[in-house]
Amino acid sequence: MSARADIYTLGDSLSDAGSLDITYTDPAAVNPLVAGRIWIQDLTTSTPAFCAQRSKCPWDPRTYYYGAGNNYAVGGAGVLFDSTDARTPNTYTSLGAQVASLIGSGKLREGDAVTVLMGANDIQAAAAKPQSAQAVVVNAAAAFVQYVTALAAQPTHPRVYVFTVPDLGQTPIGRSAADGGAFLSQLTQVFNGEITTGLRTTPGVSFIISSVIFGELAAQLPDYPIYCAKVIDLTHVCGSSSNPVTPSSTSLLFADPMHPSQVAHSMIAARLRNIIR
């Protein structure tokens, strides 16, 4: 990466550096158990070459997608759907909207990098309707391929790093399901298979296999049960089977039923420093 290169991030809450001020991005005064930075923040702040304009890279709530910053990821976003939130109307955006906004911004330059991690919310939404789940996931993956192909084809030739979706069946929310997460794992595999096949020969696209990274982390960090943390939805409230009340710890794999903890995000960033250059 050249000295003037920037890095942009597209995706959902796994990459969101503060758009909604939730979970791991909470300041310590709000939720000391999960306060801290996520992987993209650790990666950029520890590697200055990843951020040409330092004013854009605190990755705080002022820099999200419709602002001037590099963080286009928004918690709750899906490949195929937008959502809404009463606190921040219209800030949940689909992958298509994020790609279009980044392309239309005119900010991309030669040598810039873009990370894309999206699909977890599509998979979870599809799993709620088992009869149509596989078709929905396949359609989401096809759209993912279309959007990433358009991004990689830009005249500035950005280097696009596509993350496969981590195995959702191995998260606390998956492991607390009646089938132990088997269905979520199956759908995750379908999605990842479709996007890797569809983008395998696309110039400028590199893959980062999330299961490898999370496998390494799981060997070092206890992942379940998790401590009772603030969660995004009401289904997994403190004291439920997927979010039991246990002593807090900063060295667990998950911060809540779905999201990595602060220490896990830091370890993910450390592994990516040798991949995203």
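Where is His 157 found?

1. **A loop residue.** This is a predicted model. His 157 is found in the loop between H4 and S3. Its phi is near 50°. That is a positive value in a residue other than glycine. His 157 is exposed, because its relative accessible area is 51% and the cut-off for exposed is over 50%.

2. H4 covers residues 130-152. Does its length agree with its residue count, or disagree? At 1.5 Å a residue, the 23 residues of H4 should span 33 Å. The end C-alpha atoms of H4 are 33 Å apart, so the two values agree.

3. **The buried side of the count in H4.** Which residues of H4 are buried? They are Ala 133, Val 137, Ala 140, Ala 141, Ala 143, Phe 144, Val 145, Val 148, Leu 151 and Ala 152. When you look at this list, keep one rule in mind. An α-helix has 3.6 residues a turn, so residues three or four places apart point the same way.

4. **H4 and H6.** Two of the buried H4 residues, Ala 133 and Phe 144, return here. Leu 187 lies in helix H6. Leu 187 is buried, because its relative accessible area is 1% and the cut-off for buried is under 20%. The C-alpha atoms of Leu 187 and Ala 133 are separated by 7.7 Å. Along the chain, Leu 187 and Ala 133 are 54 residues apart.

5. **Aromatic pairs.** How many aromatic pairs does a search of the whole structure find? It finds three. One of them joins Tyr 8 and Tyr 72. Their ring centres are 6.3 Å apart and their planes are at 70°, so the pair is edge-to-face. Tyr 8 sits in strand S1 (residues 7-11). Tyr 72 sits in the loop between helix H1 (39-46) and helix H2 (95-105). The pair links distant parts of the chain, 64 residues apart. Both Tyr 8 and Tyr 72 are buried.

6. **A pair between helices.** The rings of Phe 144 and Phe 191 have centres 5.7 Å apart and planes at 80°, so this pair is edge-to-face. Phe 144 belongs to H4, and Phe 191 to H6 (residues 182-199). The two are 47 residues apart, and the pair links distant parts of the chain. Phe 144 and Phe 191 are buried.

7. **Strand S3.** Is S3 largely enclosed or open? Four of the five residues of S3 (residues 159-163) are buried, so the strand is largely enclosed by the rest of the structure. S3 pairs with S2 (residues 113-117) through four bridges, and these strands run parallel. S3 also pairs with S4 (residues 205-208), in the parallel sense, over four bridges. Follow Val 160 to see both pairings. Val 160 is the bridge partner of Val 114, and Val 160 stands opposite Val 205 in S4.

8. **Cavities.** The structure holds four cavities of 30 Å³ or more. The largest cavity has a volume of about 90 Å³. Its lining includes Leu 14, Trp 39, Leu 117, Phe 163, Pro 260 and His 265. Helix H7 (210-218) and helix H8 (262-272) are the elements that give two or more residues to this lining. H7 gives the largest share, three residues.

9. **What lines the largest cavity.** How do the lining residues divide into nonpolar, polar and charged? Nine are nonpolar, two are polar and none is charged. Ser 210 and His 265 are among the lining residues, and serine and histidine count as polar.

Notes. Residues are numbered from 1 along each chain as its sequence is written. This is a predicted model: local features need pLDDT of at least 70, side-chain atom pairs count only at pLDDT 80 or more; totals for chains, interfaces and linings use all residues. Side-chain values use heavy atoms; hydrogens and water are left out. Rings of Phe, Tyr and Trp (its six-membered ring) pair if their centres lie within 6.5 Å; planes under 30 degrees apart count as stacked, over 60 as edge-to-face and the rest as tilted. Buried means under 20% relative accessible area, exposed over 50%, partly exposed in between (1.4 Å probe, protein chains only). Two strands pair if DSSP finds at least two bridges between them. On a 1 Å grid over the protein atoms alone, a cavity is a set of points where a 1.4 Å probe fits but cannot get out, and a pocket is an open set with protein on both sides within 12 Å along at least five of seven lines; lining residues have an atom within 4 Å of a point. Grid points are joined across faces, edges and corners, and a volume is the space filled by probe spheres set on the points. The expected span of a helix is 1.5 Å times one less than its number of residues.
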